[in-house]
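The stops below are meant to be taken in order.

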Amino acid sequence: MHLQLDDVHTHYGSSHILFGIHLEVTEGRVVCLLGRNGAGKTTTMRTIMGLARTSRGKIAYNGKNIVGAEPHDIARMGIGFVPDDRIIFPDLTVRENLEIAARKGPGAEKFDWTIDKIYDLFPVLRRLDRHMGAYLSGGEQQMLTVGRTLMGNPLLLLLDEPVEGVAPIVVQELGEKIRTLKAMGLTILMAEQNLHFATQISDYAYVIEKGLIRYQGTMVDLAENEQVKQKYLMI
Ligand SMILES: Nc1ncnc2c1ncn2[C@@H]1O[C@H](COP(=O)(O)OP(=O)(O)OP(=O)(O)O)[C@@H](O)[C@H]1O
Ligand SMILES: [Mg+2]
C-alpha cells in the first residue's frame with residue numbers, strides 16, 4: 001500500500017479549497033492530518049475518495065493515478081473511508097449493517113474480515129447484534145461505521161475525526177482499537193483536531209491550514225514543536 005498526493009488542488013464549485021496538497025502514506029503507518037475547523041481535512045479525504053473533484057495534481061495509489069476515478073472504484077481498489085457523519089442504516093440491525101458491507105476487497109487475503117472478527121474487535125457490537133442501528137449511542141455508531149468499512153477489506157483506512165463528539169471513555173477505547181488495527185498491519189490516514197488523541201496513535205503528522213500543508217514531521221517532533229502547535233492547532 002502506498003498513497004501519494006502531489007500538488008493536489010480541489011474546488012467546490014467556484015471556491016478553491018485545496019491549494020496544492022503534498023502528502024504521503026506508506027505501508028503500515030498511522031498518518032495524521034491535523035488542522036483546525038475548516039482547514040481542509042475532510043476535503044482532502046473526499047478528494048482521495050473521488051467524492052470531490054481534483055482540478056490539478058496527481059493522486060498515486062500503488063503507483064496508479066486515481067484522479068478522475070469513480071468513488072466506488074476507488075473503494076474497490078482498497079481505500080476504505082469512514083466519514084465523520086457516521087451514517088448507518090437505522091432500520092437495519094447491527095449484523096445487517098455489517099453484512100451488506102461485506103466485499104472481497106484487496107485486503108481480503110491479509111485480513112479476511114468477518115462479522116465475528118469485527119465483534120472480536122468491538123465486543124460491544126456483538127452484544128448489540130440484533131439491535132437496530134437507530135438505537136445505538138454515538139460511540140457505538142462510530143464502532144459500527146468503522147466495522148462496516150472494514151467489512152469491505154480495505155488496505156488503507158481513512159478515518160475522519162473518529163472521536164469527535166464521543167464520550168471520553170469511548171475515546172480511549174477507540175484509540176486502542178486503532179492501535180490494534182495498526183498492529184494487524186492496516187495502514188491508516190486519520191483526520192484529527194484533537195492533538196492529544198493524535199499523539200497517542202500516530203507515527204507521522206501533516207498539519208493543514210487553509211488548504212495547504214504547513215508542517216510535516218514525526219508525531220514525536222510535532223508534539224515538541226510549540227511554535228507549530230501554537231500557530232496552526234491551538235484554538
Ligand atoms: N460542499 C462545500 N461547498 C463549498 N465549500 C465547502 C464545502 N464543504 C466544505 N467547504 C469549505 O471548504 C473548507 C474546508 O472544509 P473541510 O470540511 O475540508 O474542513 P475540515 O478541516 O474538515 O474542518 P472540520 O474540522 O470542521 O471538519 C471550509 O472553508 C469549508 O467552508
Ligand atoms: Mg472535517
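Which residue in β5 is the bridge partner of Tyr 61? Select Tyr 61 and Lys 64: Lys 64 is the partner in β5. Bear in mind throughout that this is a predicted model.

**Stop 1: the open sheet**

Stay with this pair and show strand β4 (residues 54-61) beside β5. The two strands run antiparallel and are joined by two bridges. Now widen the selection to the four strands of the open sheet, which come in the order β2-β1-β4-β5 with antiparallel pairing. The edges are held by β2 and β5 (64-65), each of which has a single partner strand, so one side of each is left without a neighbour in the sheet.

**Stop 2: Glu 70**

Is Glu 70 buried or exposed? Glu 70 counts as exposed because it has 12 C-beta neighbours inside 10 Å; the cut-off for exposed is 12 or fewer.

**Stop 3: ligand 1**

Select ligand 1 and display the residues surrounding it. Among them are Tyr 12, Ser 15, Ile 17, Gly 35 and Asn 37. The run Gly 38, Ala 39, Gly 40, Lys 41, Thr 42 and Thr 43 also belongs to the surroundings, as does Gln 193. Colour this shell by class to find three nonpolar, eight polar and one charged residues. Which element gives the most to the shell? That is α1, with three residues. Both β2 (15-26) and α1 (41-48) supply at least two residues each.

**Stop 4: helix α7**

Next select residues 168-183, which make up α7. This helix has 16 residues and spans 23 Å from its first C-alpha to its last, close to the 22 Å expected at 1.5 Å a residue. Show the side chains of Leu 174, Ile 178 and Leu 181, which are buried. Looking down the axis of α7, you will find the buried residues within an arc of 55°, so they line one face of the helix. An α-helix has 3.6 residues a turn, so residues three or four places apart point the same way.

Turn to the face of α7 away from the buried side: the exposed residues there are Pro 168, Ile 169, Glu 176, Thr 180 and Ala 183. Then show what covers the buried residues, including β3 (30-34), α6 (138-150), β7 (156-160), β8 (187-192) and α8 (195-201). Just after α7, select Gly 185, where phi is positive at about 105°.

**Stop 5: β3, β9 and β10**

From β3, step across to strand β9 (residues 204-209); these two pair in the parallel sense over four bridges. Select Cys 32 to pick up its bridge partner in β9, Ala 205. On to strand β10 (residues 212-218), which runs antiparallel to β9 and is joined to it by six bridges. Here Val 207 stands opposite Tyr 215, and Glu 209 has Leu 212 as its bridge partner. Finish at the hairpin of β9 and β10, with two residues between the strands; Lys 210 takes a positive phi near 45°.

Note on methods: Residues numbered from 1 in each chain as written. Chains lettered and ligands numbered in written order. Predicted model: local features only at pLDDT ≥ 70, side-chain atom pairs only at ≥ 80, totals over all residues. Near = placed C-beta within 6 Å. Nonpolar A, V, L, I, M, F, W, Y, C, P; charged D, E, K, R; others polar. Expected span 1.5 Å × (residues − 1). Buried ≥ 20, exposed ≤ 12 C-beta atoms within 10 Å, placed from the backbone. Arc of directions from axis to C-beta. Contact = placed C-beta atoms within 7 Å. Pairing = 2+ DSSP bridges.
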